[in-house]
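Visitor: I have some time for this one. Can we go through it piece by piece?
Guide: Go ahead and ask.

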Amino acid sequence: AGDATRIVDLEGRLAIPGFIEGHGHYTSLGQSKLMLDLNDVSGWDEIVQMVADAVAEAQPGQWINGRGWHQEKWDRLPEPNVDGVPLHTELSAVSPDNPVILGHASGHAAFANAKAMEVAGLSGDTPDPPGGTIVKDASGNPTGLLRENADALVYSVMGAEMEARPDEEKWEEFTRVVELAGREALENGVTSFHDAGADFATIEGLKRLADDGRLPVRLYVMVRFESNQVMREKLPQYRTVGYGNDHLTVRSIKRQIDGALGSHGAWLLEPYEDLPTSIGLTVEPPEDIEETARIALETGFQVNTHAIGDRANREVLNIYERAFAGRDDAADLRWRIEHAQHVHPDDVGRFVEIGIIPSMQGIHCTSDGPWVYRRLGEERAESGAYLWRDFIDSGAIVNNGTDTPVEDVDPLASYHATVTRRMPNGEYFFPDQVMT
């Protein structure tokens, strides 16, 4: 130590390098701090009461927004229900004049009250959008549950209202969101963050904050929510590596071929055990993702595609394999499949053969474990669900993460889940799949 050395006395406490969040949603993490937090609710009654309390503080017509509910984690099944999720009746009763939209913990469904559906023009005659389902009761009326792309029917209306605000107000909220996300990350030791999806406008905002030295953590951002036509035109000008003292890197694209297992949106080879009329949903057309792959190769971008179901993983592997035909540098390109949660055993080895990174989140297996059997049945769950050890043994490069705000951003919780596979109920979920 010399005269210019800064010495910090930790008084015996532990110092370790900062964690890298391998897959999370940065602005969504910040936004989650500005809405109703439904992650720890014990049941539907509690959610209804939280909305009633919020309505009491809101102006008529003001949106009530929340996130984090998961029907499989409630202490009892609500009655009446459709597919284990309640009807909107009680929610609409406590909020007749305020539209309410409550996002599922997975981020792959939402629940709306009657007012929200009214302002979105949603009725029993509204057809399902591509890649989404408007869940309806026996009489053909919407229950309030909107799976996958169907939730955009309501979120787009709310978003349009938010977008109509003055620019100054929107910028103030954006900077607040970035600040809150950064605070939450840093309090958990996360100093670098793989942000799984931002549009060009959001990236512009992040770059502006980087210019001012106001990005609290280093961000690796995946381009999302842009058409192939727009990406072909604009990707080269947005390619950024190490901008703002290594606080902003943009050189990858996020696509999403299916939904989530919890919302029955994951794309499966065979029907769901507890919903035999469905094999899940294709959220984005495979041919569209294949075009993205071609654009990425032309522009020097990495591709990271969300795939949870076994059919989804197989289709993405096929897309990548076709894209890499005739190339010998596939592994150097470091393309990824995000989540790789339920993979057919025949496809595990293909990740290494093609050169694909299974971008997994250890915390998902223990969070989802108590209800995975209901979705997949015993044989499929045991042979293909959350195959961490199988991937490692195959030689695949596996990263870790939390998918925050789907799960808490705490990396230690995800590592604990990864090396123990111990679920909240004390049982172990396929412990032979642990990472040592």
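Visitor: Which residue in S9 does Gly-132 stand opposite?
Guide: Gly-132 faces Glu-148 in S9. Keep in mind that this is a predicted model.

Visitor: How do S8 and S9 pair, parallel or antiparallel, and over how many bridges?
Guide: Antiparallel, over four bridges. S8 covers residues 132-136, and S9 covers residues 142-148.

Visitor: What sits between the strands in that hairpin of S8 and S9?
Guide: Five residues. In this hairpin Gly-140 has a positive phi, near 90°.

Visitor: And how many bridges join S7 to S9?
Guide: Three bridges, and S7 (residues 109-112) and S9 run antiparallel. As for a specific partner, Phe-111 is bridged to Leu-145 in S9.

Visitor: How many of the residues in S9 are buried?
Guide: Seven of its seven, which makes S9 a mostly covered strand.

Visitor: How many aromatic pairs does the structure hold?
Guide: The count is 15. One of them joins Tyr-320 and Phe-324, with the ring centres 6.4 Å apart and 35° between the planes, a tilted arrangement.

Visitor: Are Tyr-320 and Phe-324 buried or exposed?
Guide: Tyr-320 has 0% relative accessibility, so it counts as buried. Phe-324 is at 5% and counts as buried too.

Visitor: What about Phe-351 and Phe-391, what kind of pair do they form?
Guide: An edge-to-face pair, 4.8 Å centre to centre with 75° between the planes. Phe-351 is in helix H13 (residues 345-354) and Phe-391 is in helix H15 (residues 388-394), so the pair ties together parts that are 40 residues apart in sequence. Phe-351 is buried at 0% relative accessibility, and Phe-391 is buried with a relative accessible area of 0%.

Visitor: Why does Arg-389 count as buried?
Guide: Because its relative accessibility is 16%, and the cut-off for buried is under 20%.

Visitor: Other charged residues. Which ring does the charged end of Arg-208 sit over?
Guide: The ring of Trp-171, at 3.7 Å from its centre. Lys-207 lies over the face of Tyr-243, 5.0 Å from the ring centre.

Visitor: New topic, H14. How far apart are its end C-alpha atoms?
Guide: Only 15 Å, for a helix of 23 residues (362-384). A straight helix would reach 33 Å at 1.5 Å a residue.

Visitor: Where does H14 bend?
Guide: At Gly-377, by about 110°. After H14 comes Tyr-386, with a positive phi near 60°.

Visitor: Last one, Glu-270. Where is it placed, and what is it in contact with?
Guide: Glu-270 is in the loop between strand S13 (248-256) and helix H10 (286-299). Leaving aside neighbours within four places in sequence, Glu-270 is in contact with Ile-279 and Arg-380. At 49% relative accessibility, Glu-270 counts as partly exposed.

Visitor: How far is Glu-270 from Met-35?
Guide: 37 Å in space, C-alpha to C-alpha, and 235 residues in sequence.

Technical notes
Residues are numbered from 1 along each chain as its sequence is written. This is a predicted model: local features need pLDDT of at least 70, side-chain atom pairs count only at pLDDT 80 or more; totals for chains, interfaces and linings use all residues. Side-chain values use heavy atoms; hydrogens and water are left out. Helices (H or I, at least four residues) and strands (E, at least two) are DSSP runs, numbered from the N terminus. The expected span of a helix is 1.5 Å times one less than its number of residues. The bend at a residue is the angle between axes fitted to the seven residues ending there and the seven starting there. Buried means under 20% relative accessible area, exposed over 50%, partly exposed in between (1.4 Å probe, protein chains only). Two strands pair if DSSP finds at least two bridges between them. Rings of Phe, Tyr and Trp (its six-membered ring) pair if their centres lie within 6.5 Å; planes under 30 degrees apart count as stacked, over 60 as edge-to-face and the rest as tilted. A charge sits over a ring if NZ of Lys or CZ of Arg is within 6 Å of the ring centre and within 35 degrees of the ring normal. Contact means heavy atoms within 4.5 Å.
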